[in-house]
Amino acid sequence: MIGEEHRPSAGGDRQARPAVTVSYAQTLDGRVATATGQSKWISCPDSLRFAHEMRAGNDAVLVGAGTVCKDDPRLTVRHVEGTNPLRVVVDSALRTPPDSAVLADGAATGTLLAVTERAPTERRERALSSGATVLILPSDPYGRVDLKTLLDELAALGVGSVMVEGGATMITSFLRARLVDRLAVCIAPKVLGSGIEAIGDLGIRDLSRSITLADAAVEPYGVDLILSGRIEYPDEPA
Ligand SMILES: NC(=O)c1ccc[n+]([C@@H]2O[C@H](COP(=O)([O-])OP(=O)(O)OC[C@H]3O[C@@H](n4cnc5c(N)ncnc54)[C@H](OP(=O)(O)O)[C@@H]3O)[C@@H](O)[C@H]2O)c1
């Protein structure tokens, strides 16, 4: 084995959780992909450079297993100068294909797979042999990776900032768990009608319970707009 397998350490001093920024590209009607899951490219080249600047400005970039299986992203910094962040794939049963870019591009030592006990041993060993780190975490009530523990473990590894790039299920889970500090949404002048919605149900039934963006700023990037700001949650969860 080349990579390392980790489990959360019991007790000990906890570091502060990393700052979490959610960033994604959506259409005017709030879709992050077509109904068939196609998302390359909703945003224009200028916005793509912004996304790569964000990657370079964070210690880690995080996506869900759905995005890796559908898009096979490299999650590296390419369109600007900068250092590659740690690539984190949240993947309860370790379904990331062995030939996916994050495991097979020769830089898997910069990849961390956050899994649960559901991840079969042979898949863990295969990922370790590619050089990736496998972090075995407790499950949330739905049997998926517990995101709070994941952030605590990333903090223990020295990660101070995380960019969550998607997809929709992951973004929704982070918001539902109130783990998001900032949001940066690229809004492209396109309409899809049907498609994958950026954020799923958060249980909010009353406008006064909305999650809001404070200190919001809007900047044009080519034909797109990027809206960013600090997330504020209502006093009590919905
Ligand atoms: N426009 C954009 O900016 C953008 C960015 C990224 C992706 N996308 C698009 O989004 C689509 C993929 O989105 P998706 O929603 O299907 O997949 P996703 O959010 O990337 O991944 C979701 C999967 O992550 C795993 N997971 C493990 N722990 C989790 C937790 N606590 N909470 C939530 N998920 C957890 C689950 O699979 P297991 O149960 O197997 O672990 C879950 O099904 C693709 O079509 C892609 O093109 C668009």
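View 1. The buried residues are Ala168, Met170, Ile171, Thr172, Ser173, Phe174 and Leu175. Helices, here and below, are DSSP runs of H or I with at least four residues, and strands are runs of E with at least two, numbered from the N terminus. After α6 comes Arg178, which has a positive phi near 60°.

Residues are numbered from 1 along each chain as its sequence is written. The model is predicted, so that local features need pLDDT of at least 70 and side-chain atom pairs count only at pLDDT 80 or more, whereas totals for chains, interfaces and linings use all residues, and side-chain values use heavy atoms, with hydrogens and water left out.

**View 2. The shell around the ligand.** The ligand has 29 residues around it, of which Thr67, Ser92, Arg95, Thr169 and Ser173 come nearest; a residue is near a molecule if one of its heavy atoms lies within 4 Å of it. At least two residues of this shell are supplied by each of β2 (19–26), β3, α2, β8 and α6, and α2 gives the most, with 5 residues. By residue class the shell divides into 11 nonpolar, 10 polar and 8 charged residues, where Ala, Val, Leu, Ile, Met, Phe, Trp, Tyr, Cys and Pro count as nonpolar, Asp, Glu, Lys and Arg as charged, and the others, Gly among them, as polar.

View 3. A polar contact is a pair of N or O atoms within 3.5 Å. In the side chain of Thr67, an N or O atom is 2.6 Å from an oxygen atom of the ligand, and a polar side-chain atom of Ser92 also lies 2.6 Å from a ligand oxygen atom. For Asp71, the distance from a polar side-chain atom to an oxygen atom of the ligand is 2.8 Å. Taken alone, the ligand exposes 920 Å², and the protein buries 86% of that area, as computed by the Shrake-Rupley method with a 1.4 Å probe.

**View 4. Two cis peptide bonds.** Lys40 and Trp41 are joined by a cis peptide bond with omega about -10°, and Trp41 is found in the loop between β3 (31–33) and α1 (45–57).

View 5. Asp72, a residue other than glycine, has a positive phi near 50° and is found in the loop between α2 (65–71) and β5 (86–90). Leu75, which is not a glycine either, has a positive phi of about 60° and is likewise found in the loop between α2 and β5. Asp72 counts as partly exposed because its relative accessibility is 36%, whereas Leu75 counts as buried because its relative accessibility is 1%.

View 6. Strands β11 (residues 212–221) and β12 (residues 224–232) run antiparallel and are joined by 8 bridges, where two strands pair if DSSP finds at least two bridges between them. Tyr221 stands opposite Asp224 in β12. The hairpin has 2 residues between its strands, and Gly222 takes a positive phi near 60° there.

How values were computed:
Buried means under 20% relative accessible area, exposed over 50%, partly exposed in between (1.4 Å probe, protein chains only). A polar contact is a pair of N or O atoms within 3.5 Å; within protein, one must be able to donate a hydrogen and the other to accept it, and residues adjacent in sequence count only if both atoms are side-chain atoms.
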